[in-house]
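Welcome! Please take a moment to look at the model below, and then we can walk through some of its features together.

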Protein chains: 2
Amino acid sequence: MSTILFTHIRQLVNTREDSPLLKGAALANLPCIQEAFLLVEDGVIAEYGAMHDLELLVPQLPREVADAAGSMVLPAWCDSHTHLVFARSREEEFVCKLKGMSYAEIAAQGGGILHSAGVLNDYTEDTLFTLAWARLQELSALGTGAIEIKSGYGLTVDGELKMLRVIKRLKERSNLQIRATFLGAHAYPERYKDDHAAYLDLIIHEMLPIIGREKLADYIDVFCEEGFFSPEEMEIVCTAGMQYGLRPKLHVNQLNSIGGIRSGLRMNALSLDHLETLTENDIADLSFAAAQPGAPVCTLLPTAAFFLRMPYQPARALIDAGTAIALASDFNPGSSPSGNMNFVVSLSCIGMKLLPEEAINAATLNGAHAMGAGDLVGSITVGKKANLIFTRPVPSLAWLPYAFGTNCISRVMINGEWVSR
Amino acid sequence: MSTILFTHIRQLVNTREDSPLLKGAALANLPCIQEAFLLVEDGVIAEYGAMHDLELLVPQLPREVADAAGSMVLPAWCDSHTHLVFARSREEEFVCKLKGMSYAEIAAQGGGILHSAGVLNDYTEDTLFTLAWARLQELSALGTGAIEIKSGYGLTVDGELKMLRVIKRLKERSNLQIRATFLGAHAYPERYKDDHAAYLDLIIHEMLPIIGREKLADYIDVFCEEGFFSPEEMEIVCTAGMQYGLRPKLHVNQLNSIGGIRSGLRMNALSLDHLETLTENDIADLSFAAAQPGAPVCTLLPTAAFFLRMPYQPARALIDAGTAIALASDFNPGSSPSGNMNFVVSLSCIGMKLLPEEAINAATLNGAHAMGAGDLVGSITVGKKANLIFTRPVPSLAWLPYAFGTNCISRVMINGEWVSR
């Protein structure tokens, strides 16, 4: 049994006996212990408390005791919305957009999601795994301890299965908490542009049965936007997915409000993601749902808005409406080419006016809930994974989002093991 | 004599025989050599070229040859506008602003520039030096090889001199190119609020003579904004400063357009900085001046606009008007608590729509000119300081600003010496 005791932690952040989904005003409540200790046993948080209670709570000190003086210790980030598996970056599109080219023009040139799909289908599973693995190592060094990863750059039976198998291998090899989401309904491939029914058939009758049989996914996602999937089409896909135990985690209301939220609520979605474009009715619907049992998490992706020069998600209005918001990176090569959750947290304060405490809760405990891992990660709780961020000596907790250009992390521990830098 | 030859550089960036200030469309021209070598002798760039010319240009190989395979090599960043010397961070103000407090309310509570001044006057020169030194080390590891640093948090004779002496010690001890700017006219101290003439007298008759005698500054800056210094007051201060050889480098048009630009042009300012708020007449004035000899550099500070949630500077309009723009960090504890020039470059593309080539030129060669160091740093030019950024293996040059959350730097060399990480 490997045991390590950290002493003299300057501030132990997000210490909780239980792990509720944090709605509305509760998001600002970030329990912390100043001058604390933390005991890790076999990769799990075994005990924690104030230093003056150490003798009481840990009567027999383990052999390995580490002075954490100067460090704050936070639960590692839980990034509940990413597209980590992709073939290659798309900076040439970024430059085209800087030069004034529209999304439609870029798509006409073979850019966008279909571009990523075209390239991915040419890559082997091994190559995709190697690329994704390297990205995962970079992100864990940046403090990410749990991550959701979507398919959706295959858009063929082989391509989607290949992506999900890459995610499965990441799960098996990594000690991060990983959840897989099937996003076959990311865009209509060119050949199905005028025959949506045929592509829906492919998803339902060709992809989902194999995904279900091989247990390749935990959730199902649909890109519900004008020009992509309608709410009705989304319901068809999700209904089929739910028969294989895949709960919906949905992309809605990034570019327009076409009914995706109501549809998602009806299907008991685990999370509703993006939400840049909300009508008053949408917020009222989310507010009503937030008061019910099994309320969805509203997952906000500020770096996508930042990179696309769109207005940020109305985080404060959502908090005022009593909803549970989470923060995620949306890491993908087209609209958010970064999975750095430290910057997501900072940007959520600078751009969306979250308080530092709200941002940290949204990127840890609520993020964990948004990927169905609220009982395993996301807070300093006895029995949870020892997924921990140790900061450099920083003046205060608020300094983390304030110093937006500084890497404040000293070390990261995942499942009780140090991440190499 | 210490000599090192770097071979197989994937892309050597901003290679120039001479070092012109880049105006208008010239900013997009970023000369590069693919598959290059670079010879460094005694901290200076001694030769460079394509690998296939190596034998011709370096007939006798030095003992130390390093394969740079995979790296791009850029001139280190030239950050021509910072307030690196300060006593402490002001994240509590950041939180107050998130909670809706106005700048005026924060100032009334003793926040803002006067807060920084109050605190700084309580710190010893040694402490300020130690703090600034640590920041400088962090920035050089992030690729900054030249930096301008302002006073302006003293606002007393002792305080301003103390800051300038700290900068002088930084100059003496660091191998970065450092330029000092006297910014006694940063704000009117409380006791001079209703007696501007008396504070101007203090600057002119108490501060400047000592600064001149002890050669404590290279430039003079004035905060020309409503509620701070009027263009007339700025001219009084600058005229006095110029008698001690201090050329103006001026803060104008961040919050309002009150004539600072015309005034600065009349005084032959080296640079006009901020420029968030420009009228058509301002742009026309800058355009006219750009066509004259000794045109000023327009220094843009996108992270300040980002952190204050203001519209970004109209970089494209300024380029179209033929001006020479530079990028700088404005690193300071109130409005831009980051000196990370990699993010400044990225943000200038994402937020201000600069092309990657324009952003790199603006943050290197034009930045060097904006601090009077265009002949020493800012490009890969024989005879210039070996201030170099070696990137990690990255897919392309455009990937640097595109991957906004990733630290792309592998190693940094300043004056031919490696920066420790």
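What rotation, and what shift along its axis, superposes chain B on chain A? Before the answer, please keep in mind that this is a predicted model. The rotation is 180 degrees, the shift along the axis is 0.0 Å, and chain B then lies on chain A with an RMSD of 0.0 Å. This is the relation of a two-fold axis. Both copies use the same surface, as 100% of the contact residues of chain B recur in chain A.

**The sheet of chain A**

Let us now turn to chain A. Here eight strands make up an open sheet, with parallel pairing and the order 6-7-8-9-10-11-12-13. At its edges stand strand 6 (77–79) and strand 13 (324–327) of chain A; each has a single partner strand, so one side of each is left without a neighbour in the sheet. On average, neighbouring strands of this sheet are turned by 25 degrees against each other, direction ignored.

Strand 12 (residues 297–300) of chain A runs parallel to strand 13 of chain A, and four bridges join the two. Within this part of the sheet, A:T299 stands opposite A:A326 in strand 13 of chain A.

**Helices across the sheet**

| Helix of chain A | Lies across (chain A) | Angle |
|---|---|---|
| Helix 7 (residues 196–213) | strand 8 (177–185) and strand 9 (219–224) | about 150 degrees to strand 8 |
| Helix 8 (residues 231–242) | strand 8, strand 9 and strand 10 (247–252) | about 170 degrees to strand 9 |

Most residues other than glycine have a negative phi.

A:N268 is not a glycine, yet its phi is positive, at about 60 degrees. You can find A:N268 in the loop between helix 9 (260–266) and strand 11 (271–274) of chain A. Is A:N268 buried, partly exposed or exposed? A:N268 counts as partly exposed because its relative accessibility is 42%.

In chain B, B:D330 also has a positive phi, of about 55 degrees, although it is not a glycine. B:D330 lies in the loop between strand 13 (324–327) and helix 13 (341–352) of chain B. B:D330 has a relative accessibility of 2%, so B:D330 counts as buried.

Terms used. Residues numbered from 1 in each chain as written. Chains lettered and ligands numbered in written order. Predicted model: local features only at pLDDT ≥ 70, side-chain atom pairs only at ≥ 80, totals over all residues. Heavy atoms only, no water. Buried < 20%, exposed > 50% of the residue type's maximum accessible area, 1.4 Å probe, protein only. Least-squares fit on C-alpha atoms with pLDDT ≥ 70 in both. Contact = heavy atoms within 4.5 Å. Pairing = 2+ DSSP bridges. Axes fitted to C-alpha atoms, helices over the stretch in contact; angles between N-to-C directions.
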